[in-house]
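Here are my notes for a first look at this model. Keep the structure open while you go through the points.

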Amino acid sequence: MRYYDRNTGLFIEDTDDTLLTGMATDSSLKEALSKCILSASGWRAVMAESGDEEDRKENVSEEMLLIAAAAAASFFDYLKKEQPRIVMGCDARPTGRLLSAAVRRAFIAKGATVEDIFISSAPEIMATSHRYDGFFYISASHNPIGHNGYKFGVDGGVLSKEEIDKVIPCFKAMICQEGAADSLRSFVSGADPEKIVEVLRGHNSAKRRAMETYRSFVIRTARISKPFSLPFGIAIDFNGSARAASIDKEFLRKHDAAVWAINSEAGEIAHAIVPEGENLEYVRKELEKQHEKDPSFIIGYMPDNDGDRGNFVYTDKHGKAHILSAQTVFALVALIELSYDAMRGKKKIAIAVNGPTSLIIDEIAERIGATVFRSDIGEANVVTLSERLRENGYTCRVCGEGSNGGNITYPAKVRDPMNSLMTFAKLWSVEGLYQFVMEKLGKKADSSPSLSSVVSALPKYMTTSAFSSDAVMHIQSNDYNRLKAAYEDILQYEGNGRMPSLFKSWEVRQYEGSDEEIGIGPEHRAPDSTGGLKVQFYDEKSRPAGYLWLSKSRTEPVIRTMVDLKGTDRKLHDYLLSWQHEMVKRADDRTLNS
């Protein structure tokens, strides 16, 4: 029998179809596993059967289906419950349907009580997961369409690095044991057919409950004490993402926003997925067009495929639409939320960010009287850091990764463009907040709240986009620790001589999990360090003025390098980035040849 998703009309499964082909072998399973990247940020690989990361077909190899089942079984075992209640879902990628079928069977075979909400945004499934023992989400976030992967966790957030590190060995052992292919095939095929049908029949009710829970969660997270409205028009480029099957249009219209959407059918992926740079041109042009018809349209956004990242565009006072960088989106949210807490008299105000978040956050925090704390890259790391700060008496409502854009607002544990929109709405709904913000920025407030005026008043910083080609380096060595040690040697030898004259000193900051440590050398990082490294520069008044960043991607086989710089000197930014690339290349060569 065929089952469909009532919310989107999309096909979920025909229970008369055969899922597995019997083609996978132990060696082919191990080869498929070697192509997977496993981290707290997500387990990912190219899942399209062709191996082409841009393949739009739904076909998935049997090896990847068995690996999906093993991932689900490993998470089940981690929960240590006899019959856990698990909610599962997927983003809108074409491979999600078949991977969901494998995961569904694995959980049923293990004895879990499963509810499947099918295509859903990451914030939606994580919000509803508070009603369950855990969640399992099939997604590759911002990666190209042929990729897919898994995020799983409890209590509304993905597992921390420490907890994920407990799951990974069990997962690998399941794949690498002798007879793994036959064992996993038998395991998946042994799922009770009646329980599979039960889950599929209950899908639409489960999805409806998830949407209701998510709507309530967004309101609770916003923490606006009186009824509020979004008194502006919003243009959305869903780009066929899971957010097209979530609450956005209905929720925003209910709170008075005018909404115009393009590419608004789930799975209608019209262009590249990452919400950065030229991919935001579609919504920028649409916003400008709608603003000409209706001047209330002042903001727009585009989410990635799982809908947790959403970067924004806005119109200036002349009606021209502009793209906001990821760092600027996060800076805006931080400014408004930190100001909101300061206005309400909160004490020990803090914000938790990742290492490559722009130093604009430090300047904003200083003006408001807040403190900035940093972790390594990875959503789980900043969430863990923010939890630790709250336990130590800090008011820490916002955390996030400025290098990726978007914000995580407590009690949420995942970025969400709905939360960003709720923050922007506070400029209109919280009396005196807009004026307070402009005063802290040292600028005169307009007669009525204006997002454009706040953007224009922000301190000026220039930061390499984490997803630009300039930020990506493909290297030869695979020993990241030795590469970092070689990089530090080069830096110590030439750092003072090549440092631009406007900087007066520098220091190295190392990141591991939710911790930051100042110091150069292996004694300042873990023996098996996977974390980022930052060279932070200071001006003549010992104020942070820029940085160089180096990290190994957890979700892609690349090294990321970035520069952050106070001011707008493009020539200086490019010099620093070129110097950084040169040092990394020399460190790579030295690592290979030593």
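Which residue in β18 does Val398 stand opposite? Val398 stands opposite Thr409.

1. Ground rules. This is a predicted model, where local features need pLDDT of at least 70, side-chain atom pairs count only at pLDDT 80 or more, and totals for chains, interfaces and linings use all residues. Residues are numbered from 1 along each chain as its sequence is written, and side-chain values use heavy atoms, with hydrogens and water left out.

2. The sheet with Val398. Two bridges join β17 to β18, and these strands run antiparallel. They belong to an open sheet of four strands in the order β16-β15-β17-β18, with mixed pairing. Its edge strands, each pairing on one side only, are β16 (371-375) and β18 (408-409). On terms: strands (E, at least two residues) and helices (H or I, at least four) are DSSP runs, numbered from the N terminus, and two strands pair if DSSP finds at least two bridges between them.

3. Gly393. Look in the loop between α13 (379-391) and β17 (398-400) for Gly393. With 45% relative accessibility, Gly393 counts as partly exposed; buried means under 20% relative accessible area, exposed over 50%, and partly exposed in between (1.4 Å probe, protein chains only). The C-alpha atoms of Gly393 and Lys348 are separated by 7.3 Å, although these residues are 45 apart along the chain.

4. Strand β7. Five of the five residues of β7 (residues 134-138) are buried, so the strand is largely enclosed by the rest of the structure. In a regular strand the side chains alternate between the two faces of the sheet. Here Gly134, Phe136 and Ile138 point one way, and Phe135 and Tyr137 the other. Five bridges join β7 to β5, running parallel, and Ile138 is the bridge partner of Cys90. Four bridges join β7 to β8 (residues 147-154), running antiparallel, and there Phe135 has Gly153 as its bridge partner.

5. Arg93. Is Arg93 buried or exposed? At 3% relative accessibility, Arg93 counts as buried. Arg93 sits in the loop between β5 (85-90) and α3 (96-110). Its side chain makes a polar contact of 2.9 Å with the side chain of Asp91, and also reaches the backbone oxygen of Ala140 at 3.3 Å. (A polar contact is a pair of N or O atoms within 3.5 Å; within protein, one must be able to donate a hydrogen and the other to accept it, and residues adjacent in sequence count only if both atoms are side-chain atoms.) Leaving aside residues up to four places away in sequence, Arg93 touches several others, including His142, Ile273 and Asn305; contact means heavy atoms within 4.5 Å.

6. The cores. The largest nonpolar core has 151 residues, of which Phe107, Phe136, Tyr150, Leu252 and Leu421 touch the most other members. Helix α2 (residues 62-79) gives the largest share of this core, 13 residues. A second, separate core of 26 residues includes Met473, Leu550, Val563 and Leu572. A nonpolar core here is a set of buried Ala, Val, Leu, Ile, Met, Phe, Trp, Tyr and Cys residues joined through side-chain atoms within 4.5 Å.

7. Tyr150. Not counting residues up to four places away in sequence, Tyr150 touches Trp43, Met64, Leu99 and Phe136, among others.
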